[in-house]
Amino acid sequence: MKSGQASTEYALIVLVGLALILPAVFVFYQNAGESSEKIDQAQIEAFGTKLVQNAERVYALGPPTRIKFEEKLPPHVSGISVSEQDGLYVLKITTDTGTVTNEFAFPTEVPLAGDILPSQLSPGLKKITLAAAPVIAGKSLVTMNLKEDAACSDGTAQNQCSTATNPGAGKQIGLCFNNVLIENCLQCGCQEIITGTPILCKSDNTCRIPKISSVIPFTGSKDTIVTITGTDFLPGAAVKFGSASAAVTSIEENEITVVVPEKPSGSSIVDVTVTNPDGGFGTMAAGFTYVLSPHITSIYLTSDPLAALEGPATGGTSITITGLRFDPAITVKVGDNFATNVVVGFFGEGQSSLTATTPAGPEGQAVIKLTNPDGGTTSSSDYPTRVFTTQSSYNGNLIAAAQLIDPGFTGTGLEAADLLCRNEAGSGKWTAWLSSSSTAAKNRIADDKYMLASGTLIASNKAQLLNAESVPLKSPIIEDRNGEQFVTARQVWTGTYPNGLPTKYHCNNWQSGTGSYAAFYGNNFQSNAKWTYNFDPAADSYPDSCDKLKHLYCIENREEFTYAVIPSITQTIPATALELGGQSITIRGSSFADTPAVTFGGTPAAATFVDSTEITAVVPAGTGTVDLTVTNPNGKSATAAFTYNKHRIFVTSQAFSGDLITEAAAFGYSGTNPLAAADKICQGLADNAQLSSRWAAWLSDSEADAKDRVLDVEYTQLPGAPVAASKAALLNTIAVSLENPINIDETGNPTTDFVWTGTFHTGSADTTVCGDWASLALTGTTGYSFNENPAWTDAADAACSADKRIYCAERSQSISTPTITAVNPANVQQSGGEEITITGTGFVNEPTVKIGGVQLDPAAVTFVSSTKLTAITPPHAGGQVDVVARNPDSGYAKLAEGLNYIILPAISSISPGGGYLYEATPVTITGTGFSSPTVKFRHPNGVTASGTVNDYSSTQIHATTPRWIDETKSKQIQQATFQADVIITNADTGQAILENGFTFQYDKQVCEQVFGVGSCP
């Protein structure tokens, strides 16, 4: 190829390559520019967003909060500024690339301040400082700064300079943080935003600027007492609520107490500012809200202003609250629930009262809270204890003064003084500031704030009250109960040193009003120790004689409302009881507590707690209508009227055969006690007729008399007509007839018929009782229901197969029906004197026991439990006998042939009278009283061997003697002839012995067969 041609071709290739490359390069630079702009924009967005977010944090936390952070500032930023638009503050960041100018806006509600100089806008990483500034020109600001702190002459940061490195009375040079020139920052660093006059320093060389951490309460109205907590409060500090100055009542380094001033004009929400005397100040923005706050001066029960402030947990207690600024639409909460029936009344300027009904609440104290519609609120725990000086004066015999108010008063001198205080106060509970020889006044009052009735503070706590010797009271006690000031000073009985302890002189414990006794006193116009102990030898002021008249200091027993478990009675079942008592009733109501005390007309009754709505009690004896009272362990009680009735007696509307055990099955009876069967019939018919109470049959059997089954009370017919004034009147109808016959049945209808009784007019059992009311084949005694003479119970005998009625008498409770299941031991000696145990059910204390028809002396019977008795057997002939146990109400149990008296056997002869030692010899034993006997033969050394009984009768036993070689290996027995006792033992342990009754012969030959030749004598 030619060189010219090659050059041309190369040039063409280059041109083609450039044509392809140049557009790509253009596209690359164009995209790179756009990417750079996006990066710058993202950095600006991050810078502005972070600055605004941190500003909002600083503003929320308030001064002296500040934050430092780092963020990258991109190139081309030409300005950073803040403007206010429509109530918002807008942070603007301007960029200028030389060809294009852009603005980026970041709105916020936080007022930002501090212009950024152009010299601070160089690109790169910036250290930004944001600080919450104090109120300046009425605004709280957040200042911003992008400049590093200037360095001091020793190279340290400007905000850490000290007088050691910067001479000149502590003057700082240059600019401190946020570009404010700081002068006269005495020995302090520029670590806080400081404006105005020099600020005192703290021990760590930082500026002492007050800081508010809380305002409590943060709502209220004029005269509300507010506590401001925080740090670096100095004596003489001033407090403002908005532009209004508050009255400062006490200042401590971390706490200021003030009285809220009149609300300044403008918004109800104001800043609270504390300014120290050196000019340092701290502000809590929107720290207090003015509302129509109510004020409580007293709370008491509407029904009894002097009673304890309490009510039942079920609610419904009416309370009265007095105070100030009660809006007609005020709400009342007791604990966590709203009270009902709130009625507000007004009397005088600003004075208010209301009544309200408590809601239900849990047991214990409950704070009462009042809230006006605008949110103004107060509670029972907010108002201090009130103190006043009595208008009345008394000599030293305060007991006599109390008895003029309450003639039945019997308390101590201190209790009398308390009564005088309560009487003058008119409501609430009050204690006299008074000591006796054994009781100190300081121990009689609570630790609380104390104020006069007008609201003037006396002491912040009990310690201040007792320390008046060193620190005077905030105010003397110069007001009476109504807040009226005394014109001149009053002397006040106290008997109390400034420290609250008793003095030596106290008018003989405030029960002497003569000049022979003396007591110390105080002066109600004094704020120092003389308020309680007016002792001044220089002024010749000593204890005064007790015949002088002086006043009393009265201190409120301020208390919260207490929900107590207060019982109520709604019903008793049955509604009445019988005069003799003993009836079990059910008391229903609410708020019963475990282990209640129950009384009827003041007489205690045995009671059982079932649950909070039910108690059972055994009614004691009584007459007429009495108070039934249930008292919980907390001392709260409920009372209802309860009426005692006369006892009634009726004749059954139905007739029954003499086999009452069988007849009672229709009424659910399944036992074997005949009288219990009759009682079941009476009770069943009474229940069907809806007659409350318990009923027993007028009936006797072989074990019980009818007279023991009825009570000694007055008896009436069912309509109420009298029958007999007592049990004796029932039994004495030979001399005095019944007042009216027992001819009204359980339904109230009259009847004329024969009645089963088995009972003489004396009330004792007849012998004709239908075989204990279990037979149709015998006869039984009857009465006549129309008769008023003895024939009412003893008219004639009748065949037990005939149907007759039954008399039923009312009782407080059913007659018991015990049972006997066993007697142990079952066999006893005829001589008696042995202890037996009777087991069963339903035994009652003080039982009687009858064995074999013999009733035991009460000393011979012991009640162990409802299932166990012990008794000492009486002498008795041999054989099986009945055992009867009877409860005091005549209910009895019988175990037929329940005990066996041992019949002792006797041996008259044995035949043959001897036999060989090694043989079983048949014998016949003759005698008496043999019963399931066993036979034994006893060697003189006491060893016994059993014979075999082949058969027996009561007079003769056929038996076989033992082979002693089978019984024992004893050579002493087997190698000698001996006489053995013959022992007969019956199954019931009865025993007879025939001494030396049988001779066992020794045989040597047989012996050697057993023991070997030569081994037997």
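Asp701 lies in the loop between strand S47 and strand S48 (715-716), where helices (H or I, at least four residues) and strands (E, at least two) are DSSP runs numbered from the N terminus. The model is predicted, so that local features need pLDDT of at least 70 and side-chain atom pairs count only at pLDDT 80 or more, whereas totals for chains, interfaces and linings use all residues. Residues are numbered from 1 along each chain as its sequence is written, and side-chain values use heavy atoms, with hydrogens and water left out.

Asp701 is buried, with a relative accessible area of 1%; buried means under 20% relative accessible area, exposed over 50%, and partly exposed in between, with a 1.4 Å probe and protein chains only. Not counting residues up to four places away in sequence, Asp701 touches Pro674, Leu675, Ala765, Val769, Asp772, Trp773 and Tyr892, a contact being heavy atoms within 4.5 Å. The C-alpha atoms of Asp701 and Gly771, which are 70 residues apart along the chain, are separated by 8.2 Å. The side chain of Asp701 also reaches the backbone nitrogen of Glu703 at 2.8 Å and the backbone nitrogen of Ala704 at 2.8 Å.

Leaving aside its neighbours within four places in sequence, Leu699 is in contact with residues including Leu660, Leu675 and Trp773.

Conventions:
Polar contact = N/O pair within 3.5 Å; in protein donor to acceptor, adjacent residues only side chain to side chain.
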